[in-house]
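The entries follow the order in which I looked things up.

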Amino acid sequence: NSTAPVTAPQHSVEGFVKEFLRELHFGQGVTLERASVNDEYLALARTVREYLMARWLETVRRQRDAQAKSVAYLSAEYLLGRQLDNALIATDMTEIVEEGLASLGIELSTLREQEVEPGLGNGGLGRLAACFVDSLATMSVPCIGYGIRYEYGIFRQTFVDGFQVEQADTWLTLGAPWEFPHPEAAVTVHFGGSTERYTDDDGVERTRWVPAWDVLGVPYNYMVPGYQNGRVNTLRLWSARATKAFDLAIFNSGEYVDAVRAQTFAENISKVLYPEDSTPQGKELRLQQQYFFVACSIRDFVDNVLPADFDLHNLPDRIIFQLNDTHPVIAVPELMRILVDEKKWDWDEAWAVTQKCFAYTCHTLLPEALEVWPVALLGKLLPRHLEIIYRINDDFLAEVAQRYPGDELRLRRMSIIAEYPERSVRMAFLATVAGAKVNGVAALHSQLLRDKVLPDFSEYWPDKFTNVTNGVTPRRFVRLANPALSELITDAIGPGWLTDLARLREMEPLADDAEFREKFRAVKAHNKQRLSALLQRRDGITLPGDAMLDVMVKRLHEYKRQTLKVLHIVSLYERIISGELDPTSIPPRVFAFGAKAAPGYKMAKQTIALINHVGRVVNDDPRVKGALTVVFPPNYNVTLAETLIPAADLSEQISLAGKEASGTGNMKFALNGALTIGTDDGANVEIRELVGDENFFLFGLVEPEVDALVTAGYHPSSYYEENPTLRRAIDRIASGAFAGGDRTVFEPIVSNLLHEDRFLVLADFQAYLDAQDRVDAAYRDTEAWTRSAILNVARSGYFSSDRAMWDYIDRIWHSQPLAAR
Ligand code: 26Y
């Protein structure tokens, strides 16, 4: 009967094997003897899915019944990482599956490797969204994640002669076993056209949008399993399809081929993730993507998630739309359009509700990363939304004028519409005006956001601004990525830490236990071997046996200062080969990099080449052999991070103070027992406060000093002239020593450093080298280093994304989980 409960297959080896073979036979249509690795992987994924299905359906049902307030997380990016292991851990199936597969002669590890991770994000912001939905599911908080199902995620990076070459990310080609498409539930989204005034049946003057074209949004649902709590939330990603209108055009047009091409035009909207993550170019397709997914999502929530008779005046009791940066901010005028044009509400009534439904998270401090849309472009694509934005701005500025009579300059500064260099909409201002709350992503960032980025707004609405320091999920970044450490922790303090990470504190006394330190070192050594084996297999890279592993992994950006790290390596190299430094006097080090550059970002791509070329020279030089090794495996992604981070001894977090909003890699390293060398920036500040000064290598200018130096006039060449160590390192690069004698290849990097150096690499160089000397000294005392590493783990529980989610609930959402807290 239709209400029969869906039940999961038996939680046992036999239950699993039976189901797996059924999937192989009836799902994949192959016998075990004839099955490919991909057949086996797909059958396994579908089997594991079955163990989650009953929980998922039950979660959806309970959520409908409870009518509780939900979070709708709106994000253009979700950098999910592989799904299989996460699902196994959530269902506690790993051992059963390992044993069951082994009985069929299949290795689980082989099937794991078959999965291509969904890379539907660029970096920190996308990975944060994935951590947040994981935590909300684990905490039993009603949440639906909305985003875009890009057909091509972040590009695959390869190196040719050390230079980055991008390849398409074809993550869907071998099958997508984790998604549930619902073409029957497609939503229509309109674009273009014009607006017109008319008088409605009640004699009221109204506006309506007469769009020119439309596309369909097809929802693809993904399971977001909570950690062993019987709950599965939903991530709904939208894919663009042509509408009937497009099909009709095909039949009515003589130009059949052109018409079919027009169909592809519609489908282009969700085709590819933009690989830029800080310099938004005003690309029309990007705006189409943004409006596409928020229009689908609001429509979906209002029409499908809410009950049919729901009174939208109560919307704020049922939903909070959390805006992940400005990318989904066009949702604000979209909700206004629905309420005012479609539901025929008064403007003020609609605005009062809208203002309670949104909250905005800012992820940057770089002025060039703040999105603005030229009015001409926005008006062409979304003419009604532009009118609505103008009206919001007019009303807002009228209010400001009342509070500050005669303050023309202030009005110009605060206007949502910028006039120069071109008339455009400042999306961060729109989000701030519309949002009930605005938050930064680390304590320092939130402070600078108030003081530097949005000072007029924080003066106007002091209570609107708050901070929620980022976090990362311990399920993926400790339990899944570091099973050996997880076992050690659980043996010591029990399993409760995985859902209550503050409990890692209970490990603190063990830092003074010699036996525990020995075990902790064994875990690190094991993880290094695991990494070594992976890099050998994956890239043919050989790691030296026993060396400090010094890791810098993150997107390539000038403000993150990979160049400072390169100067450190070149300086060590130069001092060794010139006879100044005895290579046996320093602990052997492996410098590992991972970084993708935006394809159009010249300086970043050149820096990648420089790292690779320095690596080639250093690794081939017998004079430094064993002492210095540089590795740069291509295509750094979530999957590689899961093996790289647990092996690290030293975490490089060396951005210029005041530029990195938070960082989340920094948290993952600390939680896996690496010590940080870092500036006073982003969440580094909080990491250092918590782990203690003596367990963190701090260096460099602090933000007010950066500010003062830049204001006074910064001259990088003076550092070059006055510091011989620095001069020798830069000269070596300039000499062409890393480009086969060609001085031109890296000339742009050298001249940028000497004459511009926007991010004060030269100003921080000596302080960085001094801090690295402190690292070397500390590393020589093995017991003390291990003690610090253990304390880093024990004191980093604060950086769980579960804690971040509780903070959002307390400070922003005011929703409550279905289950008691
Ligand atoms: C508009 C487009 C060009 C764009 C696309 C992606 C702009 C920005 C981004 C992504 C930004 C991002 O990843 N920011 C990072 O967010 C992390 C999570 O809050 C922070 O930890 C990190 O410091 C910040 O750089």
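**Conventions.** I worked from a predicted model, in which local features need pLDDT of at least 70, side-chain atom pairs count only at pLDDT 80 or more, and totals for chains, interfaces and linings use all residues. I numbered residues from 1 along each chain as its sequence is written. For secondary structure I took DSSP runs, numbered from the N terminus: helices (H or I, at least four residues) and strands (E, at least two).

**Domains.** I looked up the domain assignment of the protein chain, which gives domain 1 (1–66 + 82–116), domain 2 (68–80 + 125–436) and domain 3 (501–701 + 764–792). Such bounds come from an automatic or database domain assignment. I found the C-alpha centres of domain 2 and domain 3 to lie 38 Å apart. Their contact takes 20 residues from domain 2 and 21 residues from domain 3; residues are in contact if their C-beta atoms, placed from the backbone, lie within 7 Å. On the side of domain 2 that touches domain 3, helix H6 (124–138), strand E5 (156–160) and strand E6 (163–167) are the elements that give two or more residues. E5 gives the most to that side, with four residues. I sorted the residues of this side of domain 2 into eight nonpolar, seven polar and five charged. In this scheme Ala, Val, Leu, Ile, Met, Phe, Trp, Tyr, Cys and Pro count as nonpolar, Asp, Glu, Lys and Arg as charged, and the others, Gly among them, as polar.

**Ligand.** I noted 21 residues surrounding the ligand, the closest being Gly124, Leu125, Pro280, Ala661 and Ser662; a residue is near a molecule or strand if its C-beta atom, placed from the backbone, lies within 6 Å of it. By class, the shell holds six nonpolar, eleven polar and four charged residues.

**Six-stranded sheet.** I traced an open sheet of six strands in the order E22-E21-E20-E23-E24-E25, with parallel pairing. Two strands pair if DSSP finds at least two bridges between them. Strand E22 (628–631) and strand E25 (697–698) are the edge strands, each pairing on one side only. Strand E21 (residues 589–594) runs parallel to E22 and is joined to it by four bridges. Within this pair, alanine 592 has valine 631 in E22 as its bridge partner.

**Three-stranded sheet.** I then followed an open sheet of three strands, ordered E15-E17-E16, in which the pairing is antiparallel. Strand E15 (372–374) and strand E16 (417–418) each have a single partner strand, so one side of each is left without a neighbour in the sheet. E16 and strand E17 (residues 424–426) pair over two bridges in the antiparallel sense, and isoleucine 417 has valine 425 in E17 as its bridge partner. The loop between E16 and E17 contains proline 421. The peptide bond from tyrosine 420 to proline 421 is cis, with omega near -5°. Helix H16 (residues 427–434) lies across E15 and E17, running at about 50° to E17.

**Helix pair.** I checked helix H22 (residues 562–577) against helix H29 (residues 724–734): their axes come within 9 Å and cross at roughly 95°. That makes H22 roughly perpendicular to H29, a term covering 65 to 115 degrees, where under 35 counts as roughly parallel, over 145 as roughly antiparallel and the rest as oblique. Axes here are lines fitted to C-alpha atoms, for helices over the stretch in contact, and angles run from 0 to 180 degrees between N-to-C directions. Leu567, Val570, Ser571 and Glu574 of H22 meet Thr725, Arg728, Ala729, Arg732 and Ile733 of H29.

Strand E9 (residues 194–199) and strand E10 (residues 205–210) run antiparallel and are joined by six bridges.

Technical notes
Contact = placed C-beta atoms within 7 Å.
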